[in-house]
Amino acid sequence: RRHLTLCGALAVLAIRSVRAGLLRGMLVALAALMVALIGFSRLYLGVHWTTDVLASWSLGAAWLSASMGAYLLWSRFWRPLPESRPWKSARARIVLTIVLAAGVLAVVGVAAGFDPLVAKAVSMG
């Protein structure tokens, strides 16, 4: 559930800051792929039942919908404080988004390396 919420929230926030349609689609596809791979890895390693993964995806989607709905309502009805925008050009925002996404993926990859079940599956294969 946490993975779906985190990946979904990052995708929604990235979509709101990126103007290019193709890049938006790629970000959403990447977030969905990460969530699916994490769920299937839990099934492959035998640490969860199929119903556990499906229930987790359902709860994560519900939580993501509620939290992003609240965020979108807040951003629509309350004016945010004026912010300084050091990244005014579209190219700089795209590069920043890609760098941040790569950093998040690197952190997730390193954290997955500390999972003993993943290490066991890799040593068996």
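Reply: A residue is called buried when its relative accessible area is under 20%, exposed when it is over 50%, and partly exposed in between (1.4 Å probe, protein chains only). The model is predicted, so local features need pLDDT of at least 70 and side-chain atom pairs count only at pLDDT 80 or more, while totals for chains, interfaces and linings use all residues. Residues are numbered from 1 along each chain as its sequence is written, and side-chain values use heavy atoms, leaving out hydrogens and water.

Helices (H or I, at least four residues) and strands (E, at least two) are DSSP runs, numbered from the N terminus. The chain has five helices and zero strands, in the order α-α-α-α-α from the N terminus on. Among these elements, helix 2 has the highest mean pLDDT, 84, whereas helix 5 (residues 116-124) has the lowest, 57. The score pLDDT is the predictor's confidence in each residue, from 0 to 100. Over the chain the average is 76, and 74% of the residues score at least 70. Where pLDDT is low, the predicted coordinates should not be read in detail.

Helix 2 has 24 residues and reaches 34 Å from its first C-alpha to its last, close to the 34 Å expected at 1.5 Å a residue; the expected span is 1.5 Å times one less than the number of residues. Just after helix 2, Gly46 takes a positive phi of about 75 degrees.

Which residues of helix 2 are buried? They are Leu23, Leu27, Ala31, Met34, Val35, Ile38 and Gly39. In the whole chain of 125 residues, 18% count as buried.

Some of these residues belong to the largest nonpolar core, made up of Cys7, Ala11, Ala31, Met34 and Val35. Such a core is a set of buried Ala, Val, Leu, Ile, Met, Phe, Trp, Tyr and Cys residues joined through side-chain atoms within 4.5 Å. Helix 1 (2-17) and helix 2 each supply at least two of its residues, and helix 2 gives the most, three.

The link can be followed from both sides. Leaving aside neighbours within four places in sequence, Ala31 is in contact (heavy atoms within 4.5 Å) with Cys7 and Ala11. Ala11 lies in helix 1 and is buried, at a relative accessible area of 11%. Not counting residues up to four places away, Ala11 touches Leu27 as well as Ala31. Ala11 and Leu30 are 19 residues apart in sequence, with their C-alpha atoms 8.6 Å apart.

The structure holds one aromatic pair. The Phe40 and Trp57 rings are edge-to-face, 5.8 Å centre to centre, with 90 degrees between the planes. Rings of Phe, Tyr and Trp (its six-membered ring) pair if their centres lie within 6.5 Å; planes under 30 degrees apart count as stacked, over 60 as edge-to-face and the rest as tilted. Both partners are partly exposed: Phe40 has a relative accessible area of 48%, and Trp57 has 25%.

Helix 3 has 28 residues and spans 40 Å, first C-alpha to last, close to the expected 40 Å. Its buried residues are Val53, Gly60, Leu64 and Met68.
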